Amino acid sequence: MFALLTASAQQTVPPGTTLDDAAAVQLSKDGLASVGGALGVLVPSPVAVDPITQSGGFSCLNYDLSITNMMVDVEVTGARLIPKPSNSETRAEIDLEIDLLVAINDVTNKFDLDYEILCGTGSCPGYIMPFPVTVTGPVTLTIVDDGTGSGETALDATIGELAVDNGLTGPHIELDCGIDTFEDRLNQVGLSFFDLIIGALDPVLQGMIQDQVGDLEQQISDALAAASVDQTIDLQGISLHVRLYPGSATSTNDGLQLGLDGYMVADPPSDCVPDEPSGSKFSDSEALPPLSAMGSSHAALQLSDDVANQGLYGVWEGGLLCFELGDGADSSLDIGLPLNSSLLGLIGGEELGELFPDDGPLEIRTNPRLPPEVNYDGGHDIVLEVRGLDINFYAELDGRMARPLGITVEADAGIDVLFDNTTGVASVDLALGPDEIRGEATMIEVAPAAKETAENNFAGLLETLLDQFLGDALTGLSFGLPNMDGLGITDLTLGGSAGGEWLTGDAQLGQVTYESGGCDQGCSGGGGSGCNTSGTMPWLFALILPVLRRRR
């Protein structure tokens, strides 16, 4: 009764309500660097450079310079994303740095350098050995309307003006006449070979990267917006729709945070569940742990208890915990025990069994009065708390069907996630045995002396019933994690944070060899799960409901 009063008094949220900051993805400075390293920057190479011509002066105080047949060869050696403070909840700011190795011609194909300086003429072909160049551009990530009219938002990435930091020095330059001698000649008329080359080269390099800006913007948006989820999961015939999308963005010197708004909603209500509570538990989760608290983690995947409870409410309301056994249900089900009134004697002992001397009909029905809830601070990665689940036994007594026994079940199903970084598969270890399940005989008025016996014997029966009701949903649970062009999760640990109101998945990112997994290819949880996915981060929600998923 106390549990029911508490449930009715607590704050709830109606099914399908969009929750602000239902989840979040946090990337540390090192995590962003890993994402940047996975960006594909493709530049054409080699590229011809327009001839350089310079002339001026008069008489023998003149100069006339021509550099032709220049070919630039560019190699991309790395890319980085570096966070910086945005001081905004709808905008994040980062710098994109792209490292290049640039060469101009080579010893087998030199550029032509012809000159006249102070009435002296000559030719000085040459080439420039590979030298480092860094191209830098500001990246702004902005929360914008997604343009569908749904009221949902999306993440838009734009790259600003590019700047080139050139590492060209004298030792890189090979001229047949010697760079020092030629530089001295140019200096006499106020010129510099370095300035000429860099002045011609910078626009070429900027143009090369600028041509890739649109693709880079899309890659960055896709990489960060991969946190979006739009999936429908089949949970034993109940369709649970999960929708998460970027709703906020902010950045500091410590990293980047994307807040995900969204909801979980299931099928229309089942007739077997009560009208109250009329929504899922809502605690208005505490603020996310700050980016500065990430420590050595590259990424933190955050899921609020509010959206997890919303999902559990949806599948509860859809009838996931509603089962029937016996004459009034599927008579083909076999629990390995007599499915007749003699079962009451096995549970309640002689006191209850003597009321049913004949093997009459028996029906077993569940009555789930309360939705399950998550506990992120219960001794496991996740604990699913089941309260108010009545298992009622109906048998013929005095010529009519009566309920001689009712057991109210409480369960704390422990879920721990084990990640294999060689396969990219996260497997689920489920703790759901006698130590996690409690049963109280709340309806046994016909034989009150059998109460203790029934409660003691029921634990053994419940294991059989669970196996029948949930089948292989309790074993072999696993799902594959995605990767982005070889960048993936190399380590993953889960735990509660912010007083247990957030589930935090601390992850390390790096190059991986496992194939990218998703709901359609990487998860097991059978029964033809019918996953329809456009998102690529299934762990944000799959970790919350693994006990309810069936294996393929």
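The paragraphs below go from the chain as a whole to its disulfides, a helix, the aromatic contacts and some backbone details.

The model is predicted, and side-chain atom pairs are counted only at pLDDT 80 or more. The chain has 552 residues, of which 51% count as buried. Its secondary structure consists of nine helices and 29 strands. Among contacts in the chain with a separation of 6 or more, 73% are made by residues 24 or more positions apart.

How many disulfides does a search of the whole structure find? The search returns two. One of them joins Cys124 to Cys177, with an S to S distance of 1.9 Å. This pair links distant parts of the chain, 53 residues apart: Cys124 is in the loop between β9 (120–123) and β10 (126–145), while Cys177 is in the loop between β13 (173–175) and α3 (179–188). The torsion about the S-S bond of Cys124 and Cys177 is about -95 degrees, so this disulfide is left-handed. The two ends can also be described by their burial. Cys124 has a relative accessible area of 0% and is therefore buried. Cys177, at 26% relative accessibility, counts as partly exposed.

A disulfide also joins Cys272 to Cys322, where the S to S distance is 1.4 Å. Again the pair links distant parts of the chain, here 50 residues apart: Cys272 belongs to the loop between β16 (255–265) and β17 (280–281), and Cys322 to the loop between α6 (305–317) and β19 (324–326). Cys272 has a relative accessible area of 25%, so it is partly exposed. Cys322 has 21% relative accessibility and also counts as partly exposed, because buried means under 20%.

The loop between β16 and β17 is also where Pro277 is found. A cis peptide bond joins Glu276 and Pro277, with omega at about 0 degrees.

The buried residues in α7 are Leu343, Leu344, Ile347, Gly348, Gly349, Leu352 and Gly353.

The next topic is the aromatic side chains. The structure holds four aromatic pairs. In one of them, the rings of Phe182 and Phe193 have their centres 6.0 Å apart and their planes at 80 degrees, so the pair is edge-to-face. Phe182 lies in helix α3 and Phe193 in helix α4 (residues 193–210), so the pair ties together parts that are 11 residues apart in sequence. Both Phe182 and Phe193 are buried.

Where do Phe419 and Tyr514 lie? Phe419 is in strand β23 (residues 400–420) and Tyr514 is in the loop between β28 (502–511) and β29 (532–533), so their pair ties together parts that are 95 residues apart in sequence. The pair of Phe419 and Tyr514 is edge-to-face, at 6.5 Å centre to centre and with 85 degrees between the planes. Phe419 is buried, with a relative accessible area of 18%, and Tyr514 is buried as well, at 5%.

Tyr394 takes part in a contact with a charged residue. The charged end of Arg365 sits over the ring of Tyr394, 4.4 Å from the ring centre.

Asn69 is not a glycine, yet its phi is positive, at about 60 degrees. Asn69 lies in the loop between β5 (63–68) and β6 (70–84). With 37% relative accessibility, Asn69 counts as partly exposed. Asp398, likewise a residue other than glycine, has a positive phi near 55 degrees. Asp398 is found in the loop between β22 (382–397) and β23. Is Asp398 buried or exposed? At 73% relative accessibility, Asp398 counts as exposed, because exposed means over 50%.

Methods
Residues numbered from 1 in each chain as written. Predicted model: local features only at pLDDT ≥ 70, side-chain atom pairs only at ≥ 80, totals over all residues. Heavy atoms only, no water. Disulfide = S-S within 2.5 Å. Helix = DSSP H or I, 4+ residues; strand = E, 2+ residues; numbered from the N terminus. Buried < 20%, exposed > 50% of the residue type's maximum accessible area, 1.4 Å probe, protein only. Contact = heavy atoms within 4.5 Å. Phe/Tyr/Trp six-rings, centres within 6.5 Å; stacked < 30°, edge-to-face > 60°. Lys NZ or Arg CZ within 6 Å of the ring centre and 35° of its normal.
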